[in-house]
Amino acid sequence: MTVGLAVPFAGGSLLCADSRVDANGRPTPGDDSPALMSVTAGRRMFAITFAAQDPRAGAMLASEIATVACASPNRSDVVPGIKRVMGDWFRSYGVAQVPAMQFLVASNSSDDNAGRVLLCEPPSTVMDTFGPCVIGSGSRSVSTMLRLLTPRAGDNASLRSTVLRMTYLMHLARRSDPK
């Protein structure tokens, strides 16, 4: 079971990830964490999680995505850089079957005090989610409940209540997919 959940939030983004086994039912290696955090020299921070058939390939590509995201001079240059890195990685497989994988890239920027969540899937899908997003095999049971993380019009959800709701959704994902 693998699940990644990200929510853009006023002043930043929240991301949580959990992984117990890979797609073939083997335990995931301890050094291939399902989440990666990078901080730029400027005032931006990126957190990346992935759901992949091959956890080692996912960790490697997540690291490359983090490197290109941190190297981008401004917020608008992140998407083309991620597309280029994923496209290069995808083409490197040639005629071999490419392992399926998805990424959530959550970013915080002190420049405009806004959070951003990108859903990425090789070779070139990078889209702004504009709301909560979930990936992985545990997402089936959680995707219908994402409305818990979307505040009503005119309301601002507190950080505490959002974290508690994310924790509940992660619990549901674990319970429904106990692999």
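User: Which residue forms a salt bridge with R116, and how far apart are the closest N and O atoms?

Analyst: This is a predicted model, and in it R116 forms a salt bridge with D128, with the closest N and O atoms 3.0 Å apart. The pair links distant parts of the chain, since R116 belongs to strand β6 and D128 to strand β7 (residues 125-128), 12 residues apart. R116 counts as buried at 15% relative accessibility, whereas D128, with a relative accessible area of 26%, is partly exposed.

User: How many salt bridges does a search of the whole structure find, and which parts of the chain does the pair of R174 and D18 link?

Analyst: The search finds three salt bridges. In one of them R174 meets D18, with the closest N and O atoms 2.4 Å apart, and this pair links distant parts of the chain, R174 lying in helix α4 and D18 in strand β2, 156 residues apart. Here D18 counts as buried at 15% relative accessibility, while R174 is partly exposed at 35%. R91 and D88 also meet through their side chains in a salt bridge, at 2.7 Å from N to O, but both of these residues lie in helix α2, three residues apart, which is about one turn of the helix. R91 is exposed, with a relative accessible area of 56%, and D88 is partly exposed, with 40%.

User: How should I read the largest nonpolar core, and which of its residues touch the most other members?

Analyst: The general idea is that in soluble globular proteins nonpolar side chains tend to be buried together. In this model the largest nonpolar core has 23 residues, of which L61, I65, I82, F103, V105, L118 and C120 touch the most other members. The elements giving two or more residues to this core are β4 (44-52), α1 (55-71), α2 (78-91), β5 (101-109) and β6 (114-121), and the largest share, seven residues, comes from α1. Apart from this core lies another, of 14 residues, among them L14, V142, M170 and L172.

User: What does C120 touch, leaving aside residues up to four places away in sequence?

Analyst: With those sequence neighbours not counted, C120 touches I82, M86, Q102, F103, V105, T125 and V126.

User: How many aromatic pairs are there, and how are the planes of F50 and F103 set to each other?

Analyst: The count comes to two aromatic pairs. The pair of F50 and F103 is tilted, at 6.2 Å centre to centre with 50 degrees between the planes, and it links distant parts of the chain, F50 in strand β4 and F103 in strand β5, 53 residues apart. F50 counts as buried at 7% relative accessibility, and F103 is buried with a relative accessible area of 0%. W89 and Y93 form an edge-to-face pair, at 5.1 Å centre to centre with 70 degrees between the planes; W89 counts as buried at 5% relative accessibility, while Y93 counts as partly exposed at 25%.

User: To place these features in the whole chain, how many helices and strands does the chain have, and what percentage of its residues count as buried?

Analyst: The chain has four helices and eight strands, and from the N terminus on its elements run β-β-β-β-α-α-β-β-β-β-α-α. Of its 179 residues, 44% count as buried. Among contacts between residues at least 6 apart in sequence, 62% join residues at least 24 apart.

Terms used
Residues are numbered from 1 along each chain as its sequence is written. This is a predicted model: local features need pLDDT of at least 70, side-chain atom pairs count only at pLDDT 80 or more; totals for chains, interfaces and linings use all residues. Side-chain values use heavy atoms; hydrogens and water are left out. A nonpolar core is a set of buried Ala, Val, Leu, Ile, Met, Phe, Trp, Tyr and Cys residues joined through side-chain atoms within 4.5 Å. Buried means under 20% relative accessible area, exposed over 50%, partly exposed in between (1.4 Å probe, protein chains only). Contact means heavy atoms within 4.5 Å. A salt bridge is a side-chain nitrogen of Lys or Arg within 4 Å of a carboxyl oxygen of Asp or Glu. Rings of Phe, Tyr and Trp (its six-membered ring) pair if their centres lie within 6.5 Å; planes under 30 degrees apart count as stacked, over 60 as edge-to-face and the rest as tilted.
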